[in-house]
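Student: I've got this model open on my screen and I'd like a close look at one part of it. Could you walk me through a sheet, then carry on to whatever else is worth a look?

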Amino acid sequence: MGTIIIGGVAAGMSAATRLRRLDETREITVFERGAHVSFANCGLPYHVGGVIADRSSLLLQTPESLAARFALDVRVGHEVTAIDTAARTVTVRDMAAGTEAVEAYDDLVIATGATAAPGPSASGVPTHTLRSVEDVDRVVDVLEGAGPAPRVVVAGAGFIGLEAVENLVARGAHVTLVSRSPQVLSPLDPEMAAPLLAVLREAGVDVRLGATIVGAEAGTVRLDDGTALEAVLVVEASGVRPDRGLAALAGIEVGPSGGIAVDGRQRTSVPHVWAAGDGVEKRDHLDGEPTLVTMAGLANRHGRAIADDIAGLDPSEARPALGTAVLGLFGTTIAFVGSSERRLRAEGRAHRVIHTHPASHATYYPGAQTMAMKLLVDPASDRILGAQIVGGDGVDKRIDVIAVAMAAGLTASALSQLELAYAPQYGSAKDPVNMIGYVAQNLAEGTTDAMQWHELPAALADGATLIDVRTAAEHAAGAIPGAVNLPLDELRARHDEIPDGPVIVHCQVGQRGHTAARLLTQLGHDVRNLDGGYRTWLAGREATAPTPDRGETHE
């Protein structure tokens, strides 16, 4: 009998190939209902845009290559339609021949992944997802037949939606991005997502937030506000949900998040059955509760762990999922790990927020780019709860450092002590990760106190005085309403001009504000620094501004 694996790609093929390396004599059969068992699904949008020009580059392995190298029996176009866990058999349909067969197993691995969530109705316009090689072929066929500068609607502003937008623009399409959410990329907090709107609009993308597709006629998509959008294609990227139907019908437990429930070794509720991939629950980093995290790295890791367990090794328990992710969008890099402030506030969890705006490397070396960093910290334990970074060069390596720190259990203050590689073209002697660690340490030790951008209106309404410590020129170029300009270099001599009572100071990004707060505190004032300064406040204001009128049509 041996091992049967349902589904290929990341989790399924990692389990199959690792198991073969551990056991040369075992029979291993993989059933994949699609035409391709091993392909680079994360690269699919980039073939649409021509970045990955050769379609064959997406095909990592074939049934023939897997048979030659790993002695795997891989059958594409074969759908498992039922699992009998008592008899330890699966029913398999050969989709081309239309026949069914029953196959027995000693061990079963379910790697069915996730499917596209039900999207908006656009039956009058070709509508395709971007989850398989066949999807990409259909999208490319529509675009090639549409002539130059086709109009395309992308539904959904998550990872796949934004990657689709970028690559469709690269292909010369006029793109409208439609999202029911009030912001793009919902895992980000609003002030961190706000700059992405400018990035999209500068690239010529028509962004429609808080909107949904309600129907379509030939060549036209209709939104819920009555807007009509000309379109030859809709790319459906509204999200995914676990493909757990086969497991549920077999009596395998489905967890509260909607994914297949597994233990720390990826074992399901039924003996001799394991599961991994996007259709399976993970343990959340924050509280250990079941959650859904659809990341290729986790799918590969958990598939490998299944093979270890089947082969009789002693695999480590699966670590909680941090959800570390990175995305490129028209030259901007967006990355995050762990929890967002939105989630922490919704759950009523105590947290401290830190915003910084460091340069990607030493500013005296040409080409330095500014990034926005956000760190979320438990105020009692100094535990790192999450981080978000938006910028250009260097974003990816900073989020990875923070992710490793979280996995290792380092505190936020300990980031200041990390010894990181430095040369002027790569970083700074005080790396951005070190700097945000210094801020965390100051707050943890009570050296300074901070206020968030969204807390400012209430504080001002209660009578606090807002002092802008930037230069007069900076203040004139853009200021927070009600702020009094007292430049930092004049503050020591002029602090008696500040009224009695609570004082809030701010600069452009927070660093001069910290210096001002320390100065005024020692001169007897009750001071808080506006975290992240004017730049974070401005992003927050943009994020909470009313959505512009969406009445434009393309008819």
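Student: In what order do the five strands of the open sheet with parallel pairing stand?

Tutor: The order is β11-β18-β12-β13-β14, an open sheet with parallel pairing. Strands here are DSSP runs of E, at least two residues, and helices are runs of H or I, at least four, all numbered from the N terminus; two strands pair if DSSP finds at least two bridges between them. At the edges sit β11 (127-128) and β14 (206-209), each pairing on one side only.

Residues are numbered from 1 along each chain as its sequence is written, and side-chain values use heavy atoms, leaving out hydrogens and water. The chain's mean pLDDT (the predictor's confidence in each residue, from 0 to 100) is 93, with 97% of residues at 70 or more. Residues 549-555 are another story, with pLDDT staying under 50. Where pLDDT is low, the predicted coordinates should not be read in detail.

Now for an antiparallel sheet: three strands, open, in the order β15-β16-β17. β15 (213-217) and β17 (228-230) are at the edges with a single partner strand each, so one side of each has no neighbour in the sheet. β15 and β16 (residues 220-223) are joined by four bridges, and I213 is bridged to L223 in β16.

Last stop, helix α15 (residues 511-522). Its 12 residues reach 17 Å from first C-alpha to last, close to the 16 Å expected at 1.5 Å a residue (that is 1.5 Å times one less than the number of residues). Buried (under 20% relative accessible area, 1.4 Å probe, protein chains only; exposed is over 50%, partly exposed in between) are G513, A516, A517, L519 and L520. Down the helix axis they fall within an arc of 165° (taken from the directions to the C-beta atoms), so these buried residues line one face of α15. They pack against α14 (488-494), β31 (502-506) and β32 (526-530), contact meaning heavy atoms within 4.5 Å. Exposed Q511 and Q522 are on the face turned away from the buried side. After α15 comes G524, with a positive phi near 100°.

Definitions and conventions:
Predicted model: local features only at pLDDT ≥ 70, side-chain atom pairs only at ≥ 80, totals over all residues.
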